[in-house]
Amino acid sequence: MDFPDIDRGAARPSSRTLGLAACIALVMGNMIGSGVFLLPASLAPFGWDAVAGWIFTIAGSLLLAFVIARLTVAMPDASPSQMIARAYGPLAGFSIGWIYWISLIITNVTIAVAATANLSSMVPALTRPGMGAACSIAFLWMMTGINLIGARAAGMTQIVTTIIKLVPIVVALALLAIILGNGSAQVAPFPAQGLTGAGITASAALTLWALLGFESASVAADKVRDPGRTIPRATIIGTAATGLIYLIVCSGIALTLPAAETQTGSPFGAFVSHYWSAGPARFVAIFVVISCLGALNGWTLLQGEVPLAMARAGELPRWMAKTDAKGTPVRALILSTTLASLMLVANSLQGLVALFTMMALLATSATLWLYVGCALASLRFRLVVPAAAIGLGYALWTLWGAGVVASGSSILLMLAGLPFYWWARRERGAA
């Protein structure tokens, strides 16, 4: 297969520090973060429609994960945006890479807000908008500090936090099994009118937020050992395992917890408190915060790697391509976190749950353009055509489900990157 040649921006071999375990932890750690712990509050109004939304989302995510994994096997030296550039030209690759970078920044804002929301169950003062924003900004810079140490430190942090974050999920699974087994749970009845298309479509956009990140290993390809073999395995294993966990846990909590109790900063804590006791619920909230920070760590790694790869490929100004002796994109990390902090300040007057829902939809819409581009690239190169075609349809359907405001805003954010593209081209011409 003949792919157009572009600047691959490959890292030095010594910088490839992530093996299979670290890549699976990166994929699952980025996916199991704020979504599973706050989505029961956002999905509760959709009832059983949300269950159907989960099924569609898991199937669509597995298809898109398979497509990205096959593209990575064919082009192990390329990031997803570079794959799109080889298929449709540098402007297309830049546009997708740019909006994906912006989506990472929005995602980090959302995760930081989720961590603060869960912590607010123990520190009520954080429910005040100004205090919540300050705490979220502190979380952003704490994870940036870890990533500035290097990819190895970020990878080890990801493995540890991925293990820790499974604790509240295991507790919820065990509690669900007990209350469903002894009949003490009141499960929301299946609606007499059946499922609704509008409810499924709207909930699918939110549920995809929870599964964003299955492309994480591909995006960090420059840091992965034997990427052609490691990345596809990590992508499929991580996506399948996370999807199954989400389907059971999120649906179980949303359908068994009284609606009024789901609308809190910590639905997991409310679930444990309702069916067990308030004491264990506090410990669950602590583990949930750690889980969110683990996801924030992984996404922070990516928010440095994406602009670094684009700058090396000549798609962003050369200033962004600067790294330290360990290959850490210091400038890209600091700039990304600064933008995320400014975004939090600009929206600091909103409540935590409302801010989470709004940012989750915007981040989902922005990330979907990467999935659309990868599916189109797969069709262009005639790779796994049936899966790519179905995955493309699913991505476009979810963009519609996210709503005109979120999807329209993502298009405007994509167009906002064009001046930087022309700046980079001018730099290359001068060089």
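Here is a short walk through some helix pairs, a pocket and its aromatic neighbours.

A word on ground rules: this is a predicted model, where local features need pLDDT of at least 70, side-chain atom pairs count only at pLDDT 80 or more, and totals for chains, interfaces and linings use all residues. Residues are numbered from 1 along each chain as its sequence is written, and side-chain values use heavy atoms, with hydrogens and water left out.

Start by selecting residues 90–119, helix α5, together with 278–312, helix α13. (Helices are DSSP runs of H or I, at least four residues, numbered from the N terminus.) Their axes sit 9 Å apart and pack at about 160 degrees; axes are lines fitted to C-alpha atoms over the stretch in contact, and angles run from 0 to 180 degrees between N-to-C directions. The two helices are therefore roughly antiparallel (over 145 degrees; under 35 is roughly parallel, 65 to 115 roughly perpendicular, the rest oblique). The crossing of α5 and α13 is left-handed, meaning the near helix is turned anticlockwise from the far one by less than a right angle, with clockwise being right-handed. By class, their contact has 23 nonpolar, six polar and no charged residues (nonpolar: Ala, Val, Leu, Ile, Met, Phe, Trp, Tyr, Cys and Pro; charged: Asp, Glu, Lys and Arg; polar: the others, Gly among them).

(A pocket, on a 1 Å grid over the protein atoms alone, is an open set of points where a 1.4 Å probe fits, with protein on both sides within 12 Å along at least five of seven lines; lining residues have an atom within 4 Å of a point.) α5, α14 (330–346) and α18 (418–430) each supply at least two lining residues, and α5 gives the most, with four. All 15 are nonpolar.

Last stop: select Phe94, Trp98, Trp101, Phe420, Tyr421 and Trp423, which form one aromatic cluster (rings of Phe, Tyr and Trp, its six-membered ring, pair if their centres lie within 6.5 Å).

Technical notes
Phe/Tyr/Trp six-rings, centres within 6.5 Å; stacked < 30°, edge-to-face > 60°.
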